[in-house]
Amino acid sequence: MTSVSSRQVLSLYKRMLEKATKFDNYNFREYSKRRIRHGFKQSKNESDPAKILTLYNSAVNDLGLLERQTAISQMYTFEKLVVEPLKKHVRHA
Amino acid sequence: MLTTDGRKLLASESSLPVANTNVIPPEGSTISLTSAYRDGTTHGTKPIYLDVQATTQTDPRVLDVMLRFLTGLYGNPHSSTHAYGWEAEKEVEEARAHIASVIGADPKEIIFTSGATESNNMAIKGIPRFYKKTKKHIITTQTEHKCVLDSARHMQDEGFEVTYLPVNEEGLINLEDLKKAIRKDTAMVSIMAVNNEIGVIQPLEEIGKICREHKVFFHTDGAQAFGKIPLDVNEMNIDMMSISSHKIYGPKGIGAAYVRRRPRVRIDPIISGGGQERGLRSGTLAPPLVCGFGEAARLIKQESKFDNDHIEKLSTKLKNGLLSIPATQLNGAHDPAAQYPGCVNISFAYVEGESLLMALKDIALSSGSACTSASLEPSYVLHALGADDALAHSSIRFGIGRFTTEEEIDYVIKAINERVDFLRSMSPLWEMVQDGIDLDTIEWSGH
């Protein structure tokens, strides 16, 4: 059975968080970041290689989901919320 | 566009429409009614969503499942002669199992409908109609959702008698009242699990026990409760439950009815046809909606702890931040076990709820149920709690959900503090209260 190294896990964690920031929707973006951090933190002390592999594979699926859903979120964009800072180039005159 | 001297017209010089609010802060005031912190140019303008009792965002994970059915998996789940039908049917049955597992039911006991309103109609009309030869009586409460009350009213026109149980000042029913109301010819009891306006949780287990002892069917409207509070149809002796998908981050237009098989609950169906859904609700199922609903149910069970911890934390923060304003009151139960934290209903005395909502354009809130928000009448739910007109008028419901952020709650606390302060500064009543005049002693004269 192949085992997953902690470097692979860390790299996946980083890629997922990066993807999560790509949600155009503020609430989905913040939720995804919070949920990903929680998920990885919760299984931080997991030592059973079989369990780690299951978790890793399920997180890879989640990364795929993030890729699809952030793309959709970027295709259908809406006004920014009152708590969201506007990017400089869209700021009103 | 060029001016007469040939230079380019600046944006600030053209006649751009200026944002307009109905309430204008006094001159020299530093507060803005369109944004709590900023002048509105550095941040967006879309209001914060705090109305999750009306509906919720569709979770991206739910959309991801639904898209498969809107693209490749388009088969009719009732087609039994080819693979397109089989694959759709398999997925629909998986969705049914996810929904059933949230409430400890058997998948066969889940009937898909168009939503909780249809499920409520199905129960309130279907059960008494089936047993009409021997049963003539229905029991419900005064604080039910409009669709239950309206269906009950409809049954009165059909010759049934309906008892509307009163609630105490916390919104809970008295179990003794229920026992006394049950008669030999009572067909069913319908009591909602979590109230949509104030978030109180009725004692379902005790109600279920009483109903089972008296051999009366127990229906509960679980639209606001499903997946949010622990529910078990067997432990609570629930015979029928209405469930909605769009309250749990699923798609709109789909819901379900849990209908017990043992002891069997018999229903006179509202919709007749091809006999789908055990003959209780004919019509082709919509796999995109059904499977989206199933995924939403799977997620609400899987994420239960994470979501509830988050909602509880934000709810406590919001309550502390708003109840520190003088002359405010929390509506609902004080016992945390009888109150869903995601629904916070607060009355702001000496402020009219509708004016406060008008002054809070940057937050999407409601003063009560969405179905009745078009009318300016005060909430009948708060009336049933014994609140007077003024208090019922000055109440606002805050809905906190999976996607609400702490930043949003901080913003809301600041905005509400400022706006309540501002509206009260304009209110002659508030001025009188500040001068120590007891408003109840005043005799108002009409002109």
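Reader: How many salt bridges does the rule find across the interface of chain A and chain B?

Author: A salt bridge here is a side-chain nitrogen of Lys or Arg within 4 Å of a carboxyl oxygen of Asp or Glu. Across the interface of chain A and chain B, that rule finds two. One of them pairs B:E303 with A:R35, with 2.5 Å between the closest N and O atoms. Do keep in mind that this is a predicted model, where local features need pLDDT of at least 70 and side-chain atom pairs count only at pLDDT 80 or more, while totals for chains, interfaces and linings use all residues. Side-chain values use heavy atoms, with hydrogens and water left out.

Reader: Which element gives the largest share of the side of chain A that touches chain B?

Author: Helices are DSSP runs of H or I with at least four residues, strands are runs of E with at least two, and both are numbered from the N terminus. The largest share, eight residues, comes from α2(A).

Reader: And how is the size of an interface given?

Author: Often as the accessible area lost when the parts come together. Here buried area is that loss with a 1.4 Å probe, summed over both parts. Between chain A and chain B it is about 2500 Å², and carbon and sulfur atoms give 59% of this. A:Y31, A:V82 and A:V83 supply 27% of the area that chain A buries against chain B, more than any other three residues. Counting contacts instead (heavy atoms within 4.5 Å), 24 residues of chain A meet 30 residues of chain B.

Reader: Which residues of α2(A) are buried?

Author: Buried means under 20% relative accessible area, exposed over 50%, and partly exposed in between, using a 1.4 Å probe and protein chains only. In α2(A) the buried residues include A:Y26, A:F28, A:Y31 and A:I36. Packed against the buried residues of α2(A) are α1 and α3 of chain A, together with α1, α8 and α12 of chain B.

Reader: What span should α2(A) have?

Author: The expected span of a helix is 1.5 Å times one less than its number of residues. For the 17 residues of α2(A), 26–42, that gives 24 Å, and the end C-alpha atoms are 24 Å apart, which agrees.

Reader: Is α7(B) enclosed or exposed?

Author: Twelve of the 16 residues of α7(B) are buried, so this helix is largely enclosed by the rest of the structure. Its cover includes α1, α2 and β2 of chain B.

Methods. Residues are numbered from 1 along each chain as its sequence is written. Chains are lettered from A and ligands numbered from 1 in the order in which they are written. Buried area is the accessible area (1.4 Å probe) that two parts lose on being put together, summed over both.
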